[in-house]
Amino acid sequence: MRANRFIVALILILTAFGTQAGPQIQHWQTPNGARVYFVPAPELPMVDIQVAFDAGGARDGDKAGLAALTATLLDEGTDALNADQIAERVADVGASLGSSSSQDMAVVSLRSVTDEKLLNPALDIFTRVLTQPSFPKAAFERERSRMLIGVQQMKQSPGSIASETFYTALYGQHPYATNTAGTIESLNKIKREDVINHYRRYYVAKNAIIAIVGALDRKQAESLAVRIFDSLPTGEPAATLPPAADLTEAQTITKAHPSTQSHILMGQPGIKRNDADYFALYVGNHVLGGSGLVSRISEEIREKRGLSYSAYSYFSPMREAGPFTLGLQTKNESAQEALKVLGETLRTFIAQGPTEEELKASKQNITGGFPLRLASNKKIVEYIAMIGFYGLPLDYLDAFNGKVEAVTAAQIKDAFQRRVHPDKMVTVIVGGNG
C-alpha cells in the first residue's frame, strides 16, 4: 500500500513538472545571515535538507585534502556523542545523514520523515554534527590514513593520473589545480588543528546556504532553518577566488603507464556557473560530445572508426571557470589516431556549428529528460542548493527549458568560436608500456 502511494505521488510530481518546468523557490535569510532556499513538496511526508558551505577544495591552501578530511570527520563525534551513537540514533529514526566536498563546496545533508516524533531527534543529531563536531584524534588519524591509501591507489590508476595531471596543467597556481583528495605530501602535513581551524573559518552562517525541500509550510521551514543555524557563529563569507587564467599556448603531456589502453584528456578552462554563454555552450556541447553514443565525437571516434568505446566532451561550470574537457580511452597503438580525430571533430564543429537536425534532436533530448532530473525531492534539493550557492536566478529551473529552446545554431557557433580554442589546449596522454 505504501509503495502504491509513493508511485501515485511520483506520477503527480512528474505530471506537474511536465507542464511546469520547475518548482517555485522561496528565499530568505536567517537572523545570523545564512541564505535559505525552500520548496514545499507536500506529496510525500519527507524532508530533504542540504547545507552547503563555501568550504571546498579551493580553500585547501597548501594542504590539499583538508576540505575533504574536514567534511568526512563531521559525523565522527560531537561534544556529547561518539560516532557509533550518532549512527545508531540516525538509524533509530529512519533518517539518513551525509557529508561530501568538491572543489567549490562542502555539503552536509539530512533526509527524514516529517513526523515530529522522528524529525525532531533527527534534526537534533544533524544540528549537533553541523555545529558541535569534536574531530576526535583517533578518527582524524584513521581517516587521514584512509585518504593516504586512496591516494596511493590513485597513483596506480591511469585515469586518475590523467585527471590530476590535466587539472594541474590547466590551472597552474590557481586553487582549482589542487587535488581535492590530497597528495601524500599534503596529507602528511595536515594536523588535527588544521581541520579545526578550517571548520571554524568556513563553517559559519554567512558562508552557508541551506536548501529545504519537503512536506513543510513556510513557517515550519523558517523555524527549521533558525534551529539549524542558531548555534553557528555568524562569521564572514569566504574570500573571492581569483579568476582562472586563459591558456596562452598548447601543451601536450605524455606519461608512460603499464596499461593496455591510453587515457586521453584534452581541454581548457571553460565557464563559470553563471556564465552568459552557458546555454549556448551547454546545448552545443550536447551535440558535440555530451549526448552519449549519438554525439559527433562518439560518431566519429566510436561508430565510424571503432577507436574507443567511450568518447565525450563536457563543461564543468564552477564558481570560477571550470574545465571544458574532451576525453576518451583507446588502445595504445591507436592513441595518436584517436587524438587526431578528436581534434578534427572539435575544429569542424567550431567552424560549422550544429546542423538544424542535430540542434532539434538535442533540444528534444534535453527538455524531454528534464522532468526526470526533478523526479524526487533529493534531486530537487540538489538543484536548489546549486542555485543558492552560485547565486542563480530563483526561476532557473522554471526557465530552463525555455532557455534551451531559445538557443539557435548561430548562437552556438558564435559562442564556441569565441570561447573554445583548440590551438591553446592542454592534452594529457597516459598509457604505453611504461
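How many of the 14 residues of helix 14 are buried? Select residues 377–390 to find out: 10 of the 14 are buried (under 20% relative accessible area, with a 1.4 Å probe and protein chains only).

Before you go on, note that this is a predicted model, where local features need pLDDT of at least 70, side-chain atom pairs count only at pLDDT 80 or more, and totals for chains, interfaces and linings use all residues. Residues are numbered from 1 along each chain as its sequence is written, and side-chain values use heavy atoms, leaving out hydrogens and water.

Just past the helix, click G391, which has a positive phi of about 65°.

Next, show R273 and Y390. The charged end of R273 sits over the Y390 ring, 5.7 Å from its centre (the cut-offs are NZ of Lys or CZ of Arg within 6 Å of the ring centre and within 35 degrees of the ring normal).

Now for the aromatic rings: the structure holds 20 aromatic pairs (Phe, Tyr or Trp rings, the six-membered one for Trp, with centres within 6.5 Å; planes under 30 degrees apart are stacked, over 60 edge-to-face, the rest tilted). Select F279 and F400, an edge-to-face pair at 5.5 Å centre to centre and 65° between planes. F279 is in helix 10 and F400 in helix 15, so the pair ties together parts 121 residues apart in sequence. Both F279 and F400 are buried.

Terms used. Helix = DSSP H or I, 4+ residues; strand = E, 2+ residues; numbered from the N terminus. Buried < 20%, exposed > 50% of the residue type's maximum accessible area, 1.4 Å probe, protein only. Expected span 1.5 Å × (residues − 1).
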